[in-house]
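Reader: I am new to this structure. Please show it to me, and then let us go through some questions.

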Amino acid sequence: MNTIEIGVKINGESKRWTIAPGDLLLDVLRREGYYGVKRGCESGECGACTVLLDGKAINSCVMFAAQADGCELLTIEGLAQGDTLDPLQEAFLERGAVQCGYCTPGMILNARAFLAHQPNPTEDEVRDLLAGNLCRCTGYVKPVEAVLAAAEACRRNAKERER
Amino acid sequence: MNSERSIVGKNFRKVDGVKLVTGRPAFTDDIHLPGLLIGKILPSPRAHARIKSIDVSKAKALPGVHAVLTYQDVPRVPHTTAGQAWPEPSPKDTYLLDSKVRFVGDRVAAVAAESRAIAEEALRLIEVEYEDLPPVLEIEQAMAPGAPVIHDEPDSTDIHDASRNVAGYIFKEIGSVERGFREADHIFEREFRTQRQQHCSIEPHVTISWLDPDNRLVIRSSTQVPYHARRQVAQILQIPLQRVHVVKPRIGGGFGGKQEMLLEDICGALALATRRPVKIEYAREEEFTMARSRHPQILRMKMGVKRDGTIVASQLTVLATTGAYGSHATTVQGNTGSKVLPLYRVPNMRFECHIVYTNAPVAGAFRGYGCPQGFFAQESLVDEIAHELKMDPIEFRRKNMIRLGDLDELSAELGEGRRGLPRRIRSCGLPECLEQGAAAIDWERRRKAGPASNGHLRRGVGVACSMQGSGIAGIDWASALIKLNEDGSFHLLAGASDVGAGADTVLAQIAAETLGVSFDKITVTSGDTDFTPFDVGAYASSTTIISGGAVKKTAEKVREQIVKLASKMLEVPPEDLICRDNRVVAKSECGKSVTIADLAMHATYREKLQIIDSASHFNTDSPPPFCAQFADAEVDTETGEIRVLHLVTAVDCGVPINPRQAEGQVEGAVAQSLGYGFTEEMVLDGNGRMINPSFLDYKILSAKDMPKLTTILVETEEPLGPYGAKSIGEVAINTAAPAVLNAVFNAIGVRFRKLPVRPEDVLRALGAKGDA
């Protein structure tokens with residue numbers, strides 16, 4: 001079988017992967033041990049496979065791995081700084097926004113990308129955003145609360161850093 | 001009383017939370033196994049056919065294919081896939097692989113190959129010649145004289161009447177409905193229809209199976225029922241139970257869909273055939289067409305009432321279909337009677353139900369377990385009766401509803417596939433649920449003011465009530481084991497299966513509370529048939545009350561051992577000692593105490609004693625949680641759209657062990673319930689093929705679609721529950737459709753009796769009424 005080699009920077013580390021041209025990014029990421037990237041529908045409908053590609057949230061199940069060549073990737077495994085959780089991860093835990101946790105990485109990464117551009121979102125904006133991440137457990141009440149709480153925590157942190 | 005508790009009733013973070021938010025490998029498929037093969041199942045393209053011939057030689061010859069199994073290669077053992085306690089009350093009408101297919105998606109063959117692509121290619125190379133049989137697709141055709149017989153095989157058992165496609169039949173009566181209807185001043189009778197809904201857990205079913213170094217079959221699976229799966233796999237594959245080890249990792253949602261031995265048998269068979277690890281994972285389309293769904297029903301409900309609003313007779317007649325196999329057929333439908341009718345204390349009640357086979361996707365357990373169908377009918381009809389009698393719907397319900405001290409005889413008649421146990425109401429917060437819910441939706445003012453009108457928008461409020469159970473009385477049981485480590489921490493080993501709802505956390509809270517230690521001292525291992533003691537599994541709203549009861553008993557026994565040793569160490573009589581704040585403390589003024597950590601070290605290295613104990617638990621009653629749900633909804637008379645603006649759900653779940661998790665259970669159930677009412681339906685074409693097997697075409701609600709939700713937990717103290725707890729997992733799934741539709745009636749004066757209700761249905765109805 002034909003193979004090609006791609007280079008990515010993932011969670012801060014440079015990697016070179018040998019892939020088949022038709023390999024999906026989701027499959028390659030899971031094969032390489034990034035199990036936090038979840039398979040839910042394989043058609044870009046549920047958002048469980050969300051990763052950040054050059055800072056943008058994408059569904060890795062509908063993207064060829066080859067398209068990620070030369071790009072910077074962030075998966076849920078790369079979000080916490082050591083044992084220090086990202087404010088979104090903290091908020092999801094604190095607000096009870098995690099039930100089974102299968103859609104959680106996708107939600108958190110989607111929100112992470114969004115908050116970088118919109119640090120002060122309204123509830124409606126957060127609901128629009130999370131519409132790309134289907135969840136069958138929570139009814140979305142607590143995930144929405146968690147994103148809003150994390151946004152506030154991030155703003156507070158930013159202010160403290162300015163001081 | 002609660003103020004004395006330091007752990008129960010507090011919002012601890014999930015014990016498994018950190019690994020979930022950081023994406024650590026925790027789910028079934030999050031492991032790397034060298035030599036892993038991919039298993040795939042060839043689904044039947046026909047709704048009803050015999051396999052005349054099947055040629056797998058080309059598939060077997062394909063490089064990379066390690067096994068191809070057909071019915072000719074596997075044992076023929078009639079069984080049910082329903083993950084229920086032995087002996088399962090469901091018909092034994094299913095085979096690992098069979099020479100007949102009974103729905104589009106039924107198993108024809110299974111392959112294991114080096115990759116998914118090769119496995120899929122191998123499926124294409126299997127040559128099957130079918131002899132088509134006429135299918136039974138309409139529920140009302142199933143029992144018709146001359147209808148094709150779906151289960152004509154001689155070896156299936158426990159089918160009510162296979163020759164008429166009747167999987168199960170139920171008839172129970174208390175009092176005499178005939179007499180009741182004679183005594184009634186008014187009789188109301190209506191027909192309701194419900195559709196096929198799917199669980200749609202975001203993690204599809206996945207099983208990985210391999211032989212361990214001792215030649216035992218390991219089955220790592222997304223299951224709610226590891227112990228039942230172990231028993232059933234051993235039976236189906238005809239290997240000793242001792243040789244089967246079922247592991248339940250983190251599960252990506254179950255909702256009843258994983259209370260089913262769905263892939264474990266065939267995956268195990270492939271592992272045995274290849275002696276390699278094999279994984280079968282459903283793709284989303286397979287999940288829709290080859291997993292389970294909620295039983296569709298046609299319900300005819302008849303109630304007789306006195307002029308003053310007293311219900312004197314209540315009769316529910318149901319025709320349900322279980323699809324091609326009878327998984328949970330009789331028990332789900334039994335619940336439609338036993339948990340629905342007794343919500344009102346009617347002296348004369350009758351429940352009759354036929355559950356028929358059709359050549360359609362298989363139904364099974366689904367959160368609510370027969371109740372969403374029943375409460376849709378009952379709560380719609382009750383609203384209609386109140387309206388006709390010009391009574392407030394809340395007042396009408398208050399007059400008739402079950403209350404504290406009542407003995408519900410119908411639930412005894414409708415046990416789990418046999419006579420059950422009568423239900424005594426020992427805690428009931430339903431009046432408070434109605435009161436607090438009504439206040440939150442501003443009921444008095446809104447009903448007095450009548451429907452609001454704004455151009456083409458009409459707005460109204462509605463209410464519906466329901467109850468559920470807490471475990472299956474006399475059947476569900478659980479056990480736990482707790483051991484003390486030498487640093488004063490504890491290992492809690494529980495057979496219970498956390499499927500994402502937070503059971504591990506709740507059980508740890510119960511253990512910590514009982515042992516008098518902080519929450520972080522408890523490490524939980526659950527759902528592993530080699531290492532954790534027996535538990536029937538996560539279903540029937542049983543975990544908090546039954547598994548929790550087992551944990552509490554176990555912790556009490558361990559605490560007794562700790563106190564006994566502390567008594568020796570401190571020279572204080574045991575009755576003067578209590579465990580609190582990670583210490584054993586003398587109640588008297590002497591002030592003597594020892595930390596659990598010091599005691600544990602002493603036990604381990606001085607006494608040479610492992611402090612460890614276990615206990616089993618079951619209940620002879622199933623205390624119902626109660627729910628009152630209020631909807632504020634707006635109808636757009638131009639587009640037919642129903643917009644739910646606010647849903648208030650007031651629930652009595654006894655004492656919530658972890659209130660935030662309890663709220664989460666309610667909110668998630670409400671979202672599924674709204675989907676059931678208004679968007680979700682598995683649509684089959686004229687050949688029995690599902691035409692919308694994707695999230696694009698089968699609409700589950702997103703964050704954007706959800707209305708404002710208010711959840712109210714009304715606390716009562718249930719004597720049979722650990723620390724007063726009842727269940728919370730299911731009860732809130734029963735009422736969104738009737739609550740909203742009652743609000744819709746309030747707004748536009750139209751009743752809807754067929755789910756799901758879509759904008760086109762609303763427009764059609766308004767057109768018929770002459771309003772649009």
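Reader: How many residues of chain B are in contact with chain A?

Author: This is a predicted model, in which local features need pLDDT of at least 70 and side-chain atom pairs count only at pLDDT 80 or more, while totals for chains, interfaces and linings use all residues. Residues are numbered from 1 along each chain as its sequence is written, chains are lettered from A and ligands numbered from 1 in the order written, and side-chain values use heavy atoms, without hydrogens and water. Contact means heavy atoms within 4.5 Å. On the chain A side 42 residues take part, and on the chain B side the number is 52.

Reader: Which residues in chain B lose the most area to chain A?

Author: Buried area is the accessible area (1.4 Å probe) that two parts lose on being put together, summed over both. The two chains bury about 3900 Å² between them, 56% of it on carbon and sulfur atoms. In chain B, three residues that together make up 19% of what that side buries lose the most: Arg13(B), Val21(B) and Ile202(B).

Reader: Which helix supplies the largest share of the lining of the second largest pocket?

Author: A pocket is an open set of points on a 1 Å grid over the protein atoms alone, where a 1.4 Å probe fits, with protein on both sides within 12 Å along at least five of seven lines; lining residues have an atom within 4 Å of a point. The second largest pocket is lined by 33 residues, with Asp27(A) and Ser115(B) among those nearest its centre. Helices here are DSSP runs (H or I, at least four residues) and strands likewise (E, at least two), numbered from the N terminus. With 4 residues, the largest share comes from H3(B).

Reader: Is Thr274(B) buried or exposed?

Author: Thr274(B) sits in helix H6 (residues 264-274) of chain B. Leaving aside neighbours within four places in sequence, Thr274(B) has contacts that include Leu37(B) and His66(B). Buried means under 20% relative accessible area, exposed over 50%, partly exposed in between (1.4 Å probe, protein chains only). At 13% relative accessibility, Thr274(B) is buried.

Reader: What is the relative accessible area of Pro145(B)?

Author: Pro145(B) lies in the loop between strand S6 (127-132) and strand S7 (166-174) of chain B. Pro145(B) is exposed, and its relative accessible area is 84%.

Reader: How many residues of H17(B) are buried?

Author: Helix H17 of chain B covers residues 659-678 and has 20 residues. H17(B) is largely enclosed by the rest of the structure, because the buried residues among its 20 number 19.

Notes:
The expected span of a helix is 1.5 Å times one less than its number of residues.
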